[in-house]
Amino acid sequence: MAKVIVQMTKYTARTFSRTSRECLFNFSAPKVSLHFSRSIANSRSLNAERFYTEKHEWITIEGNIGIIGISNYAQEALGDVVYAQLPDVGSEIEKEAECGALESVKAASELYSPVSGKVIEKNEEVEKIPSLINTSCYEKGWLFKVELNKFDELKGLMNEEAYNEFLKSDPA
Amino acid sequence: MSLINRFMIVVKRKPRYNNFYRVSSYSSSSFNEKQNNPNDSITKSVFISQSTDIFTNLALEDWFYKNQDFTNHHVLLLWRNNPCIVIGRHQNPWIEHNTQLAEKRGIVLVRRNSGGGTVYHDRGNLNLSFFTPRERYNRKYNLEIITRALYREWGVDAEVNKRDDIVVEEKYKISGTAAKLGRPNAYHHCTLLVNVNKTALNLSLEKKENGIETNATTSTRSPIKNLVDINSHIQMDKLITAIGWEYLRTKALVLEDGGQDLIQRQKGFQYINPTEDWFPGLDKLISEFRSWEWNYGKTPKFMVTRVVDVPTEDNKIHRFNLVLEIENGIIEEIKMKLPADLASRDFNEDVSVITNLRGSRYDHEVMENIITAIGCKTVTLNTSQTVDKSNMIATQ
């Protein structure tokens, strides 16, 4: 699934770059450029590089802010999430320490953060509608945002390609 | 895509248990382990708790989960409790049980760490906790141990359904399941109804509180049966022995009978005395399980709505929705709200009622106290028992 998303992203990016070239030559109408800028915003959020842990959490970084969620593999393994207990805004969390829980099929699975830092936002939509984790684990189903204080912690994480390889090599 | 391929392999290898692998495959490496056959290197123990106090037993379970290394040693912990009601980690106690009746009968309420719904325990119920490292968490395996023991010893035909309940005669539940998954450990625990007081069970779990709106985990109600009603020869001590032996004679990772040879390699049965001396830190866990902050304070955010009629000086009766917003068990907001169909220009949609109850702990009497408090400030007050249907419990 993750691969498909990456491919889709690549193709969209290609289409947009073509559009942009046409724009340059044609001095086209503002309608087109509006469309263009909106698409850029969308594709950027898809393009923001996701890093993964071996325990199937993902993180994207913008500046010193990390957005954290669980991977498609993890959400499929969990099954239907019925309750999301997310860390409180303002709390300090430690890398690989328990910071919340996701409940599915009568199991409470502890939630871990791939990085240390201060929680600056949690996804309240996910608290209201936990199934977003199942239906949109990389977009609407993000879990919380952390202000990073140890950038070194990112070194051990896998990029998309390495994570896909990891999934292949770790038979489950 | 590769995930689907993996499932295909699972289906080919173990057609009967493919469903389990879907649940347990979160970070599993069980296939590798199976190929190297660590079945031989893992030993097993059956621990039997000598306490019948729910707080002590939950603390003991939590202690093992937090402190024990299960890499080469799997444990089945058996425990029983005096009458109590046990709610799931993310549940609302005011929805799940009959507070007044439980208090009157001295039945304690406690929140556990695992997910799932509410259960009633007494000495006629056996609790089984199966401990393994997270990657070997396997509910179907554990439940099969129980059904195999019941069949081997008494010929009872029990099945594991889609919800991981054990049922007899296709619909009567004899066992309910829940689990806690962490790192590095996990446990799956379940109840087993042997000879529980069904009247007490039904009364305790009867819901009285109305008008609670929340996204807390809901309980699923099922018809139940005691094992003694299926076979009168089943007794608690015999059952403990039967399940214990079945657990010990079964290989650690696959449901294969290892017979006497395997039993002799296991660590066997052991009585556990759950005290601070044996389990350093246990007393702290016990007091946490006893605390209001854990049992009530961990309730997911919720709203309670009550419809009240307030007669005014001009003899008109005005119908209000009285709404409490509760977070961490504490009343954060008290509002009076007009139902949408009665909204008029004379009233604001929300009128904050300032009372000294804001910031206090919620319990089943607090709503009545607030109504009385408002009554003191207005003329006379009739409380209405009817509840606006739109504010009924949101079900998942």
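Accessible areas here come from the Shrake-Rupley method with a 1.4 Å probe.

## Overview of chain A

The structure is a predicted model, and chain A contains 6 helices and 9 strands. The accessible surface of chain A comes to about 9000 Å², with 54% of that area belonging to carbon and sulfur atoms, and 47% of the 172 residues of chain A count as buried. Among the contacts in chain A with a separation of 6 or more, 62% are between residues 24 or more positions apart.

Within chain B, strand β1 (residues 43-49) pairs with strand β2 (residues 73-79) in the parallel sense over 6 bridges, and B:F47 has B:L77 in β2(B) as its bridge partner.

## Strand β7 of chain A

Where the chains meet in the sheet order, β7(A) pairs with β10(B) in the parallel sense over 3 bridges, and A:A108 has B:K180 in β10(B) as its bridge partner. β7(A) is also joined to β6(A) by 6 bridges, the two strands running antiparallel, and A:E98 has A:Y112 in β7(A) as its bridge partner. The hairpin of β6(A) and β7(A) has 2 residues between the strands, and in this hairpin A:V105 takes a positive phi near 30°.

Why can β7(A) be described as largely enclosed by the rest of the structure? The reason is that 6 of the 6 residues of β7(A) are buried. In a regular strand, side chains alternate between the two faces of the sheet. Both faces of β7(A) are covered, with A:A107, A:S109 and A:L111 buried on one side and A:A108, A:E110 and A:Y112 buried on the other.

## The loop at A:E96

A:E96 is placed in the loop between β5 (92-93) and β6 (98-104) of chain A. Its relative accessible area is 55%, so A:E96 counts as exposed. Beyond its neighbours within four places in sequence, A:E96 is in contact with A:Y112 and A:S113, while the C-alpha atoms of A:E96 and A:P114 are 5.8 Å apart in space although the two residues are 18 apart in sequence.

## The three-stranded sheet of chain B

Chain B also contributes an open sheet of 3 strands with mixed pairing, in the order β4-β3-β5. Here β4 (108-111) and β5 (119-121) of chain B stand at the edges with a single partner strand each, so one side of each has no neighbour in the sheet; the twist averages 25° from one strand to the next. Strand β3 (residues 84-87) of chain B pairs with β5(B) in the antiparallel sense over 3 bridges, and B:I85 stands opposite B:Y120. Helix α4 (residues 54-67) of chain B lies across β3, β4 and β5 of chain B and runs at about 15° to β4(B).

## Aromatic pairs and charges over rings

Over all chains, the structure holds 20 aromatic pairs. One of them joins A:Y52 and A:Y138, whose ring centres are 6.4 Å apart and whose planes stand at 85°, so the pair is edge-to-face. Because A:Y52 lies in strand β1 (residues 50-52) of chain A and A:Y138 in the loop between α5 (132-135) and β9 (144-148) of chain A, this pair ties together parts 86 residues apart in sequence. Both A:Y52 and A:Y138 are buried.

In chain B, B:Y65 and B:Y187 likewise form an edge-to-face pair, at 5.4 Å centre to centre and with 90° between the planes. B:Y65 lies in helix α4 and B:Y187 in strand β11 (residues 185-193) of chain B, so the pair ties together parts 122 residues apart in sequence; both residues are buried. B:Y65 and B:Y187 belong to one aromatic cluster that also includes B:F47, B:W63, B:F64, B:F70, B:F131 and B:F279. In chain A, the charged end of A:R50 sits over the ring of A:Y138, 3.8 Å from its centre, and that of A:K145 sits over the ring of A:W142, 5.0 Å from its centre.

Conventions. Residues numbered from 1 in each chain as written. Chains lettered and ligands numbered in written order. Predicted model: local features only at pLDDT ≥ 70, side-chain atom pairs only at ≥ 80, totals over all residues. Heavy atoms only, no water. Helix = DSSP H or I, 4+ residues; strand = E, 2+ residues; numbered from the N terminus. Buried < 20%, exposed > 50% of the residue type's maximum accessible area, 1.4 Å probe, protein only. Contact = heavy atoms within 4.5 Å. Pairing = 2+ DSSP bridges. Axes fitted to C-alpha atoms, helices over the stretch in contact; angles between N-to-C directions. Phe/Tyr/Trp six-rings, centres within 6.5 Å; stacked < 30°, edge-to-face > 60°. Lys NZ or Arg CZ within 6 Å of the ring centre and 35° of its normal.
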